[in-house]
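Subject: Structure for your files

Hello,

The structure is pasted below, and my notes on it follow. Please keep the two together.

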Amino acid sequence: MGAVLLGWGMTLGCNAEPEMEVVPVSGTVQLDGKPVEGVSITLLPQSNGMRAAGFGTTDSNGQYTLQAGPEIEGVPPGNYRVLFSKMAMPDGSPIPPDAMAADVGAVNVLPEKYNSVEFSGVTLTVPPPNAEATNFELSSSGR
């Protein structure tokens, strides 16, 4: 019986889902008109039928490129809620490179509304087959 189950499992593995369609999405994140480094961006699908989401992190110029997975640049077309967070030490200084955020008491230095599914209010529509650069302007007042 074990051999039958093993064979059945291998058959399922061979029938993997086809590659998902992804659209390149990039742009900048600014806070109060200035590019901000180290912002984590998370896309949450607005439709329950979509399983994939997206993520990215801004560089020193506030620029980001979204990914659907570790080696999948781009995200599936759809409508998303966008969340933003930037972890730093409680005094606002960067987290030491060899430390984990949770271990050093790091906090999100962006207004909490930007990391809330209920209150963010930031959305993104990714149209097939291409998306234009998407820039996000955040405010330290949270408005």
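Serine 85 lies in strand E8 (helices, H or I, of at least four residues and strands, E, of at least two are DSSP runs, numbered from the N terminus). The model is predicted, so local features need pLDDT of at least 70 and side-chain atom pairs count only at pLDDT 80 or more, while totals for chains, interfaces and linings use all residues. Residues are numbered from 1 along each chain as its sequence is written, and side-chain values use heavy atoms, with hydrogens and water left out.

Is serine 85 buried or exposed? Serine 85 is buried, because its relative accessible area is 14% (buried is under 20%, exposed over 50%, partly exposed in between, with a 1.4 Å probe and protein chains only). Beyond its neighbours within four places in sequence, serine 85 is in contact with Gly38, Val39, Ser40, Asn108, Leu110 and Asn115 (contact means heavy atoms within 4.5 Å). On the same terms, the contacts of phenylalanine 84 include Val29, Ile41, Tyr114, Phe136 and Leu138.

The largest nonpolar core has 21 residues, and Phe84 is among those with the most contacts inside it (such a core is a set of buried Ala, Val, Leu, Ile, Met, Phe, Trp, Tyr and Cys residues joined through side-chain atoms within 4.5 Å). Strands E1, E3, E8, E11 and E12 each supply at least two of its residues; the largest share, 3 residues, comes from E8.

On confidence, the protein averages a pLDDT of 82 (the predictor's confidence in each residue, from 0 to 100). Helix H1 (residues 2-14) is lowest, at a mean of 40, and strand E5 (residues 63-65) highest, at 97.

Regards
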